[in-house]
Amino acid sequence: MLISLNWLKELVDISGLTTNELAEIITKTGIEVDGVYEPEDLPKDVVVGNVLSCEQHPNADKLSLCQVDVGEETLQIVCGAPNIRAGQKVAVAVPGAVLPGGFNIKKTKLRGEESSGMICSLQELGVKEEDVPEAFVDGIFVFPEETEVGADAVQLLNLDDSIIELDVTPNRADALSMAGVAYETAAALDRSYELDTPSYEEAKEKAVDHVSVEIDDKEANPYYGAFVIKDVTVKESPLWLKNRLMAAGTRPINNVVDITNYVLLEYGQPLHAFDLDRFGSAEIVTRFAEEGEEIRTLDDKVRTLRSDHLVVTNGEKAHAIAGVMGGAESEVQEDTTTILLEAAYFSPRIVREGAKDHELRSEASVRFEKGLDVNRVAQAGERACELFEKYAGATILKGVAEEDHLDREEKEVRMETEQLNNRLGTDMSTDEVKDILRRLQFGYEEKKDVFNVQVPTRRFDITIFEDMLEEVARIYGYDRLPYTLPNSSQQAGGLTEAQHLKREVKTYLEGAGLSETITYSLTDKTAAEQMISPELKGEANGAIRLAMPMSEDHSHLRLSMLPELLRTHRYNTARQQQNLAYYELGKVFISEDESHQEQPKEVVRAAGAVSGNWVSHSWQQEKKEVDFYVVKGIVEGLAERMGLTFTYVKGEVNGMHPGRTAIVHCQGETVGFMGQVHPRYQKDWDLKETYVFDLNMDRLLELYEKEETFAKIPKYPSVSRDIALVVEEEVSAGDIEATIREAGAPLIKQVKVFDVYQGEHMDTGKKSLAFNLLYLDPERTLKDEEVEEAHNAILQAVASGHGATLRE
């Protein structure tokens with residue numbers, strides 16, 4: 001919102017303050033000032049001149065030779081503007097004048113003729129082209145006939161105005177008008193302001209005898225008022241009105257359009273003027289459009305409407321998209337003499353959706369979207385009638401044709417002085433609170449330090465005590481609020497153990513060569529049902545579908561992070577990226593309720609996807625592609641980092657390779673899975689051979705036990721033994737490892753698989769598993785007999801538990 005200080009000072013006494021001081025005061029009351037624009041590089045020695053004569057330049061077809069009276073003398077000026085005429089009042093830069101950009105005006109000769117000065121366009125005086133009235137865009141500006149010759153053109157054109165730009169938050173729609181800013185400024189400065197009541201003479205004819213109003217949907221359009229204005233003369237607006245519009249960044253058009261735009265800026269209430277003769281009916285009906293109905297809008301585009309677009313009609317045909325834009329068919333034109341003036345209240349939601357659907361956000365739609373003062377809707381129409389009478393020679397018919405369902409009752413908020421002080425930490429007296437309410441112009445009743453505040457309808461953002469608390473605080477002064485620290489004991493902040501562990505996991509995975517990525521929590525139905533970890537299958541009752549998804553690609557909450565991670569792989573593979581390694585630490589969403597009515601349970605998981613070469617040393621001619629054991633090594637390293645032990649069992653997961661997928665166990669529980677993506681899935685997604693892992697971090701963080709940060713280095717030697725066991729194909733190395741650890745305790749310290757063999761010299765259905773066993777007692781040197789005893793116990797245990805025999 002651009003605020004003209006020349007306009008504001010006519011509403012509120014702001015004397016004694018510079019523009020920057022006023023901007024600081026407004027900011028302190030809670031409305032942020034985005035910028036302050038002081039008049040700089042102003043034109044100097046530019047006056048109003050009267051063009052006495054205008055003749056063709058003898059030596060140039062496109063130049064005119066003008067005699068211009070500037071008050072004290074008559075100057076001969078050569079002018080190239082196509083709209084220059086004798087009898088015009090124009091802006092003249094006399095010799096010695098300086099225009100914006102340091103352009104000095106001197107006496108000179110143009111095509112052999114003396115030129116003493118320059119007749120200026122608004123652009124040459126520093127006005128932005130988009131703000132220049134359309135009639136003067138390609139030529140010089142012409143003042144009204146009554147303008148005094150020799151007057152200062154800079155002041156007449158309001159070029160010496162200062163502008164404050166406000167960043168108005170959605171809850172402060174009242175500040176989207178000069179009246180609202182005037183109330184705000186008056187409260188901040190403790191000065192008076194009251195919005196004047198419009199006054200004009202009404203004809204004996206009644207508006208209701210010429211038009212009627214009918215509203216189909218009272219919620220979408222709770223109020224519609226129609227003023228009938230006759231004998232209108234469409235012409236240029238007075239200079240002061242043009243100046244105020246240009247200062248606010250609005251281009252002047254003609255007096256009818258300019259008056260409606262002026263009232264919008266002054267009152268914050270959008271208005272629309274129809275040519276009543278072109279409207280084609282005495283009946284005004286607001287309704288929702290029929291599906292596929294069309295309207296040609298003021299921008300000369302034919303727009304197709306939906307059944308949720310509100311329109312203003314003549315009983316049959318749509319003549320405006322309510323609150324968004326009027327129709328071209330009933331547009332006010334130069335020959336318009338009778339106006340139907342609309343002053344209405346439309347639902348913010350309806351206007352917002354209509355403006356978005358048609359990409360037509362405007363100053364009017366913005367105000368409808370944010371909300372209007374219900375007691376200022378009809379009053380804004382009356383203000384426009386007052387201006388039409390003065391500046392368009394109009395006759396205003398008596399009254400207004402309307403249908404009214406607005407609730408104009410003021411909200412009442414209860415507030416106690418003690419409660420106020422407790423919240424703000426202040427020590428305000430009841431009299432001080434009364435004074436603040438007076439400055440805000442809020443009515444109230446007070447009894448024993450308890451206030452019942454009547455909130456004006458212009459401040460519809462205030463409904464509860466906390467809102468009033470903010471009002472009192474900002475007028476009292478945020479900078480005056482105490483800022484002492486609480487008296488409780490202080491301690492330095494830190495991470496929880498869970499937060500610390502999550503950082504440890506991220507540090508490890510990034511150190512292992514994986515890059516973090518963050519994918520969408522929403523996915524499509526097909527992806528939502530793939531690669532779900534086995535321990536979640538029993539808990540989840542299907543993926544949760546959003547009530548109103550943005551698209552089908554983002555319609556369900558994810559049960560696994562892997563499908564979206566693989567989308568990232570596909571995106572980068574398609575862009576010639578060969579070696580990819582990503583991980584994500586995020587949440588999946590489990591519904592424990594079959595109806596999906598309750599909030600889902602959020603489970604933190606760590607997932608990763610790796611493809612391409614894991615090692616590539618061209619100098620050493622060494623290359624290793626990613627395989628099952630690479631991703632297993634990453635998972636093993638993570639377990640070691642957390643002080644946990646994982647075991648692995650062959651398993652099946654939807655979307656995974658049936659022979660290269662392992663279910664991960666920790667302390668007897670399933671905590672995730674790892675393995676290769678199913679070849680069919682890889683083909684469908686144009687992926688290379690890709691390996692993934694998915695671990696339940698919530699459960700791993702629960703299983704984690706904090707260990708001592710220091711462990712003694714053993715003083716005594718360890719004993720290493722290798723064994724090769726022949727077992728059935730279906731026996732897993734993990735099960736045998738668990739048996740070895742149990743049977744060899746407490747001397748067995750480490751068990752590693754270093755070979756798996758099937759083939760020649762091995763019976764059908766059999767395989768050989770080779771383990772390296774490490775025996776150690778940290779308190780003494782082991783004897784051969786002790787090691788042999790533990791070793792034999794292990795052999796007996798694997799023989800009885802798994803049918804294992806020593807390979808010869």
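Predicted model: local features only at pLDDT ≥ 70, side-chain atom pairs only at ≥ 80, totals over all residues.
View 1. Glu-564 is buried, at 7% relative accessibility, while Arg-567 is partly exposed, with a relative accessible area of 23%.

**View 2. Arg-605 and Asp-694 make a salt bridge between two strands.** Here the closest N and O atoms are 2.8 Å apart. Arg-605 sits in strand S33 (residues 601–611) and Asp-694 in strand S39 (residues 690–696), so this pair ties together parts that are 89 residues apart in sequence. Arg-605 counts as buried at 0% relative accessibility, and Asp-694 is buried too, with a relative accessible area of 1%.

**View 3. Asp-308 and Arg-306 are joined by a salt bridge.** Their closest N and O atoms are 3.0 Å apart. Asp-308 is partly exposed, with a relative accessible area of 27%, and Arg-306 also counts as partly exposed, at 34% relative accessibility.

**View 4. A network of salt bridges links several charged residues.** Its members are Arg-172, Asp-174, Glu-184, Arg-459, Asp-461, Glu-471 and Arg-474. For context as you browse, the structure holds 51 salt bridges.

**View 5. Phe-136 and Phe-141 form an edge-to-face aromatic pair.** The structure has 12 aromatic pairs, counting rings whose centres lie within 6.5 Å. In the pair shown here, the rings of Phe-136 and Phe-141 are 4.9 Å apart centre to centre, with 70 degrees between the planes. Phe-136 is buried at 5% relative accessibility, as is Phe-141 at 1%.

**View 6. Phe-628 and Tyr-629 make an edge-to-face pair.** Their ring centres are 5.4 Å apart and their planes stand at 80 degrees, so the pair is edge-to-face, given that angles over 60 degrees fall in that class. Phe-628 counts as buried at 19% relative accessibility, whereas Tyr-629 counts as exposed at 62%.

**View 7. Four aromatic residues gather in a cluster.** Ring pairs link Trp-7, Trp-240, Tyr-262 and Tyr-391.

**View 8. A patch of negative charge lies on the surface.** Asp-407, Glu-409, Glu-410, Glu-412 and Glu-445 make up this patch. Take a look at Glu-412: this residue lies in strand S26 (residues 411–416) and counts as exposed, at 52% relative accessibility.

Key: Residues numbered from 1 in each chain as written. Heavy atoms only, no water. Patch = residues over 30% accessible without salt bridge, like charges linked within 9 Å, V, L, I, M, F, W, Y side chains within 5 Å. Areas by Shrake-Rupley, 256 points an atom, 1.4 Å probe, with all protein chains shown as cover. Salt bridge = Lys/Arg side-chain N within 4 Å of Asp/Glu carboxyl O. Lys, Arg positive; Asp, Glu negative; His and termini not counted. Charge placed at Lys NZ, Arg CZ, Asp CG, Glu CD. Helix = DSSP H or I, 4+ residues; strand = E, 2+ residues; numbered from the N terminus. Buried < 20%, exposed > 50% of the residue type's maximum accessible area, 1.4 Å probe, protein only. Phe/Tyr/Trp six-rings, centres within 6.5 Å; stacked < 30°, edge-to-face > 60°.
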